[in-house]
Structure formats: C-alpha cells, structure tokens
Amino acid sequence: DVQSSSSSQYVFKTTSNNGATTSFQVNADGSISQGVTGTTTTVNGSLTVVQNATIQGNLTVNNTGNVAFQRNTTDITTTGTLTDLNLGTGALFRFTGASTQTLSSIANPSDGRIVTLVNAAGQALVIQNYTGGTAANRIITGIGSNISVPAGASVQLTYDSSAIRWRIVGTVATSGGGANQQ
C-alpha cells in the first residue's frame with residue numbers, strides 16, 4: 001500500500017501475516033530507502049543501480065547467479081611509459097599498444113578497487129615497481145622489481161588505502177609460473 005506520496009517521494013508500507021511492518025521509500029532522485037533495519041528485501045528479476053551504491057554489511061551471491069565486472073570499452077593503445085593513467089570506469093582493461101607499454105602508476109584510486117589488466121598486445125606489458133607518477137598512484141608488484149606481463153596474459157591489482165598504493169594480487173601463470181621479473 002502507498003502510505004504517503006509527494007512530488008519528491010513515495011512511501012510504501014506492508015504488513016505481514018505476523019504483524020511485522022516493513023516500509024521503504026522511493027525518492028525523486030531514484031534512490032530507495034528501506035525503513036526497517038535487520039530485514040531482508042528480495043528483488044525478483046533485475047535490479048539496476050544507475051548511480052553509486054554503498055553496501056554496509058555482507059554481500060552474498062548464491063550459486064544460482066554470477067558477478068560480472070564489466071570491461072571499459074576503450075582499449076589502452078598509448079605506448080611508452082604510462083604515468084598516472086586514468087583508467088576511467090570498469091574493472092577490466094585491455095592494453096593493445098603497437099609497441100611496448102610500461103605502466104608506472106594508476107590515477108584516481110579508491111580503497112578496495114579491483115582492476116584486471118589484460119595484455120592483448122603482441123609484446124609484453126611492463127609494470128614498474130613503486131616508481132614514477134604521484135606517490136599515492138604507484139604500484140607495488142610484490143617482488144621488489146618490475147614485472148613483465150606476457151602477451152595474452154593478465155594481472156589483477158587492488159588498491160590498498162592503508163599503504164596508499166596499488167598492489168598486484170594475482171597473475172596468470174606463464175612458463176615461469178607467474179609474471180616475469182624484469
């Protein structure tokens with residue numbers, strides 16, 4: 001039932017068989033607020049969030065679904081040393097330079113952001129260890145030196161706001177068992 005409405009919001013309230021009341025409101029800006037904490041809201045079908053969303057608590061994806069982190073639709077073709085590279089939005093980024101690409105730092109970090117870098121070029125992608133660009137945008141490779149991501153391989157990074165650095169957290173296996181040390 002619609003409890004109340006105005007030009008800026010609609011408030012819905014439901015009462016279950018056991019007398020528990022749950023309410024939520026839909027605001028003019030499209031945001032939804034649930035009125036009862038500690039309850040579960042089920043969406044049957046799709047849920048699309050257009051603006052930013054913050055989840056406080058756990059997020060569980062049951063084995064009946066998947067999580068897909070979309071790729072940025074623009075490949076990174078710039079060659080040479082890429083300093084404070086602005087990746088934009090997305091989580092999967094393809095490097096397709098015609099000659100060697102060297103990544104020294106990634107701009108606009110946010111705590112816990114996860115990115116996957118795919119080397120779709122014909123030669124190695126070099127990731128510099130802790131050098132170049134703005135200090136807070138630098139990358140820690142975890143091996144104390146630069147790494148080389150072979151053509152066709154990928155590497156995953158996450159931003160660690162405590163260290164104020166990007167960290168490589170995984171690589172695709174190559175003949176040496178991981179990304180190649182430079």
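**Exercise 1. Which side chain does a polar contact of 2.9 Å join to that of Asp84?**

Some ground rules before the solution. This is a predicted model, in which local features need pLDDT of at least 70 and side-chain atom pairs count only at pLDDT 80 or more, while totals for chains, interfaces and linings use all residues. Residues are numbered from 1 along each chain as its sequence is written, and side-chain values use heavy atoms, with hydrogens and water left out.

*Solution.* 
- Step 1: Find Asp84 in the loop between strand E5 (80-82) and strand E6 (92-95). Strands here are DSSP runs of E, at least two residues long, and helices are runs of H or I of at least four, numbered from the N terminus.
- Step 2: List its contacts, meaning heavy atoms within 4.5 Å. Beyond its neighbours within four places in sequence, Asp84 is in contact with Ser105, Ile106, Ala107, Gly133, Thr134 and Asn137.
- Step 3: Look for a polar contact, a pair of N or O atoms within 3.5 Å; within protein, one must be able to donate a hydrogen and the other to accept it, and residues adjacent in sequence count only if both atoms are side-chain atoms. The partner is Thr134, with the two side chains joined at 2.9 Å.

**Exercise 2. Is Asp84 buried, partly exposed or exposed?**

*Solution.* 
- Step 1: Recall the classes: buried is under 20% relative accessible area, exposed is over 50%, and partly exposed lies in between (1.4 Å probe, protein chains only).
- Step 2: Asp84 has 24% relative accessibility, so it counts as partly exposed.

**Exercise 3. How many helices and strands are there, and what share of the residues is buried?**

*Solution.* 
- Step 1: The protein has 0 helices and 14 strands.
- Step 2: Of its 182 residues, 26% are buried.
- Step 3: For contacts between residues at least 6 apart in sequence, 42% join residues at least 24 apart.

**Exercise 4. How many aromatic pairs does a search of the whole structure find?**

*Solution.* 
- Step 1: Rings of Phe, Tyr and Trp (its six-membered ring) pair if their centres lie within 6.5 Å; planes under 30 degrees apart are stacked, over 60 edge-to-face, and the rest tilted.
- Step 2: The search gives 1 pair. Tyr159 and Trp166 have ring centres 5.2 Å apart and planes at 70°, so they are edge-to-face.
- Step 3: Check the surroundings. Tyr159 is buried, at 7% relative accessible area, and Trp166 is buried too, at 0%.

**Exercise 5. Where is Ile164, and what is its phi near?**

*Solution.* 
- Step 1: Ile164 is in the loop between strand E12 (154-160) and strand E13 (165-171).
- Step 2: Its phi is positive, near 55°.
- Step 3: With 42% relative accessibility, Ile164 counts as partly exposed.
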